[in-house]
Amino acid sequence: MSAEPASGPTEDQVEILEYNFNKVNKHPDPTTLCLIAAEAGLSEEETQKWFKQRLAQWRRSEGLPSECRSVTD
């Protein structure tokens, strides 16, 4: 077995995901998510999971609750 974890995106994939998260949309719609997944070479499920985790991380860094759906909740 290699030292690399079996799951999780590569550095190149994370770069694509981070770019889209920061520059395009923190809440991609299904079509956008599909395009990002295709660009990164990941499945839509993996991409959605990454965005969900990244959003929670971002919310915590902003001092917001990690699970809140929107500011109107």
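In helix α1, the residues Gln13, Ile16, Leu17, Asn20 and Phe21 are buried, where buried denotes a relative accessible area under 20%, exposed one over 50%, and partly exposed the range in between, with a 1.4 Å probe and protein chains only. Seen down the axis of α1, these buried residues fall within an arc of 130 degrees, so they line one face of the helix; the arc is taken from the directions that run from the helix axis to the C-beta atoms. The structure is a predicted model, in which local features need pLDDT of at least 70 and side-chain atom pairs count only at pLDDT 80 or more, whereas totals for chains, interfaces and linings use all residues. Residues are numbered from 1 along each chain as its sequence is written, and side-chain values use heavy atoms, with hydrogens and water left out.

Helix α1 comprises 14 residues, 11–24, and reaches 19 Å from its first C-alpha to its last, close to the 20 Å expected at 1.5 Å a residue; the expected span is 1.5 Å times one less than the number of residues. Helices are DSSP runs of H or I with at least four residues, numbered from the N terminus. On the other side of α1, Glu11, Asp12, Glu15 and Lys23 are exposed, while its buried residues pack against α2 (30–40) and α3 (44–61), contact being defined as heavy atoms within 4.5 Å.

In α2, the buried residues are Leu33, Ile36, Ala37 and Ala40. These residues cover an arc of only 100 degrees around the axis, which puts them on the same side of α2. An α-helix has 3.6 residues a turn, so residues three or four places apart point the same way. The face turned away from the buried side of α2 carries the exposed residues Thr31, Leu35, Ala38 and Glu39, and the cover over its buried residues includes α1 and α3.

The largest nonpolar core has 10 residues, among them Ile16, Phe21, Leu33, Trp50 and Leu55; such a core is a set of buried Ala, Val, Leu, Ile, Met, Phe, Trp, Tyr and Cys residues joined through side-chain atoms within 4.5 Å. Two or more residues of this core are given by each of α1, α2 and α3. Leu42, which also belongs to the core, touches Pro9, Gln13, Leu17, Ala37 and Thr47 when residues up to four places away in sequence are not counted.

After α2 comes Gly41, whose phi is positive, near 75 degrees, and which lies in the loop between α2 and α3. Gly41 is exposed, with a relative accessible area of 57%.
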